[in-house]
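Keep the viewer open as you read.

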Amino acid sequence: RIIDLPTDLPSEVTAQNVMGHLRSLYHIANSNVVPALGHGNRDIGGPGFNASRDYVLDQLRGHTDFDVSIQYFPFLLARVVGTPVLGVVGGETFSYRSDFREMSNGGFSGEITARGMAVGFGCTAADYASFVPGSISIAQRGGCSFLEIGRAAQQYGASACVVANNEAGVLNGRLGEPQEGALVTIPVVGTTTEIGEELIALVVRALKRCFALPPCSCCSVCV
C-alpha cells in the first residue's frame, strides 16, 4: 500500500519493518562478492552499492508518494584494483592481508622496487637525516599519525613507505580523509610487527655488506 507520510510514519517504522530492510541489504552485500576481498559488500561505486541504491529507489517508488530522482556528484575514492604485492627482491614475498595491507585513501598506482632504509618513527626531518632519496622508508608505528608518516616519507624523497605495527596483527590504517590521502602519491603499506622487524634486519645486514663493497654494489640490494 502507499504510505501517507507523515501520518503513517509512526506505525510503519517498527523493529520488524526495519529488520526486514536490513536483511534485504545484508543479502545484497552477500550477493555482490568482491574477489580481492573474498566477501561481499555495498561499498560506494561497486555493484553492491548500485543494488542498494536500486532497492531504496524501488521501496520509495512502490510504497510512498515521494517524487524520487537520482542526483550525481563527484567524490574521491581510493580503491585497490587487483592484489597488492610486497616482497624482497630475490627473497620472500609476503601475504596480502595477513602480512601487510595498503593504507587506505592513498593516491598511488604502480610498482616500486628500491633499497629499504629504516627511519625510526618516520615523522620528522631528524628521522630522515641520513635517508637516501629514492629508497623505501621503513617506519615504526607510534610516533605520529599514518598520514603524517606518509607525508614525511614523500617530503623527504622516499619512493614508498612501509609502516610496521607495534601490536599484534597486521597494521590496517588509513592516510586520513580521502582528500588528504590523495595527496600522498607514493605507496604506503602497513605490516605486522614481525615483518617490519624482518625488513629492518635485512636493511642492517645489507648496510654491513655495503661497507665492505664498492658503493655501486649497494644499488643492487633491494629490500
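Is N105 buried or exposed? With a relative accessible area of 13%, N105 is buried, where buried means under 20% relative accessible area, exposed means over 50%, and partly exposed lies in between (1.4 Å probe, protein chains only).

Before going further, a word on what you're looking at. This is a predicted model, in which local features need pLDDT of at least 70 and side-chain atom pairs count only at pLDDT 80 or more, while totals for chains, interfaces and linings use all residues. Residues are numbered from 1 along each chain as its sequence is written, and side-chain values use heavy atoms, with hydrogens and water left out.

Back to N105, then. You'll find it in the loop between β3 and β4; helices (H or I, at least four residues) and strands (E, at least two) are DSSP runs, numbered from the N terminus. Most residues other than glycine have a negative phi. R97 is another case, with a positive phi of about 80° although it is not a glycine. R97 sits in the loop between α3 (47-63) and β3, and at 27% relative accessibility it counts as partly exposed.

Now for the sheet. It is open, built from 5 strands in the order β3-β7-β6-β5-β4, and the pairing is mixed; two strands pair if DSSP finds at least two bridges between them. β3 (100-102) and β4 (116-118) are at the edges with a single partner strand each, so one side of each has no neighbour in the sheet. From one strand to the next, the twist averages 25°, taking axes as lines fitted to C-alpha atoms, for helices over the stretch in contact, with angles from 0 to 180 degrees between N-to-C directions.

β4 pairs with β5 (residues 136-140) in the parallel sense over 3 bridges, and here A118 stands opposite I138 of β5. On to β6 (residues 160-164): β5 pairs with it in the parallel sense too, over 5 bridges. I138 turns up again, with V162 as its bridge partner in β6. The chain gets from β5 to β6 through helix α4 (residues 146-155), in a right-handed β-α-β crossover; that is, with the strands pointing away from the viewer, the path from the first strand over the helix to the second runs clockwise. As for β5, this strand is mostly covered, with 4 of its 5 residues buried.
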